[in-house]
Amino acid sequence: MKVQRILPSPEATELLALTRDIAAGELAPRVTRFEADHEFPREAVRTLGKAGLLSLPYPEEYGGGGQPYEVYLQVLEEIAYHWLAVAETVNVHNLSCYGTATFGTPAQRAELLPAMLGGDRLGAYCLSEPEAGSDAASLTTRAVAEEGAYRISGTKSWVTHAGHADFYNVFSRTGGPGARGLSCLVVPAGTPGMEIYPREKKLGVWSSPTAQIGFDDVTVPAERLIGRPGKGFLIAMGALDCGRLGIAACAVGLAQAAADYAIRYAKERQQFGQRIISFQGVGFMLADMATQIAAARALTLHAARLKDAGLPFSLEAAKAKLFATDMAMKVTTDAVQVLGGAGYVSDHPVERWMREAKLLQIVEGTNQIQRLVISQGLD
């Protein structure tokens, strides 16, 4: 992975080097086995946590890395280059810390954030439901206030880290219908009344557990309500803006891995007495891959720099997520094509990367939703 990066500080340069060393040394040797076994790499995630890589964009005073988003996203890209499921874990964990860090009271931040950001505890994000996916404002999970607590009932779908997380951000209806009736509660793992359903059988990203969670009169203290009642939709949308940048960075890293592999193969594979990269049909395909990856990286980092500057970035995040994930799907598909029949078997990782790329077009808002967001924001 030879990428020229412009980083904002020497510390950021060292951080990227550390990430690269850990990803190449600790993650890459394990990915094939863990994916084949559908096993969540919890210890590998703890290694990232101990290195301070699970909480980079959050304040140092609470145990975060205090890094700008443009640095965090480039770290995420490096991780995704070696193992997408682990990069997705980092992204989901950061989403799970967003509500408390951004909307929590000073007391909640002081109590909850050090454990969330310390590197050993893992978070999950419970927004979607069986009948409420893109239309988050229509969710039906309800949290009823009673005697200093909330009692939660309902079902959440597509929960990454289900059964493995230490805490869950549960978006529930505490008021009337629509977006203004939603709130966010932090629920510790193992709270009585929580039921983790069997894992979903997914097309790819097998080492990342995804499942439904049932809540049957799950009771949590009122102090676990993040912000004020009715702020849940605002918290969810803010987290998704950040998460879309994370997914874009993951897409860039995944696509870069596929392109690099295809380029190496094309330089080694010979047909008709010459390397196949010398044929325009292959060489031009690789040139398009490289160009599209560079464009997606630039678009993603532009949005991150807007966020770091305190400027509106929601539309740019949607553009980055849309473009980068569509690009990753195209690049990984073309990487399989470059390898030909060899690309269609599991002896080479490109078939796995193609399956994994499809997920990125769906999570954190489908790409059709991104187009809707962008079109509605056009002046």
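Tyr 69 is buried, at a relative accessible area of 7%. Buried here means under 20% relative accessible area, with a 1.4 Å probe and protein chains only. Tyr 72 is buried as well, at 0%. The model is predicted: local features need pLDDT of at least 70, side-chain atom pairs count only at pLDDT 80 or more, and totals for chains, interfaces and linings use all residues. Residues are numbered from 1 along each chain as its sequence is written, and side-chain values use heavy atoms, with hydrogens and water left out.

A pair of aromatic rings is described by the distance of the centres and the angle of the planes. Rings of Phe, Tyr and Trp (its six-membered ring) pair if their centres lie within 6.5 Å; planes over 60 degrees apart count as edge-to-face. In one, the centres of Tyr 69 and Tyr 72 are 5.1 Å apart and the planes stand at 70 degrees, so the pair is edge-to-face. Both tyrosines belong to helix H4 (residues 69-82), three residues apart, or about one helical turn. Helices are DSSP runs (H or I, at least four residues), numbered from the N terminus.

Now to Phe 34. This residue lies in helix H2 (residues 31-37) and is buried, at 9% relative accessibility. Arg 33 lies over its face, 4.3 Å from the ring centre. A charge sits over a ring if NZ of Lys or CZ of Arg is within 6 Å of the ring centre and within 35 degrees of the ring normal. Arg 355 sits likewise over the ring of Trp 206, with its charged end 4.4 Å from the centre.

Beyond neighbours within four places in sequence, Phe 34 is in contact (heavy atoms within 4.5 Å) with Glu 39, Phe 40, Pro 41, Trp 83 and Ser 207.

Definitions and conventions. Phe/Tyr/Trp six-rings, centres within 6.5 Å; stacked < 30°, edge-to-face > 60°. Helix = DSSP H or I, 4+ residues; strand = E, 2+ residues; numbered from the N terminus. Buried < 20%, exposed > 50% of the residue type's maximum accessible area, 1.4 Å probe, protein only.
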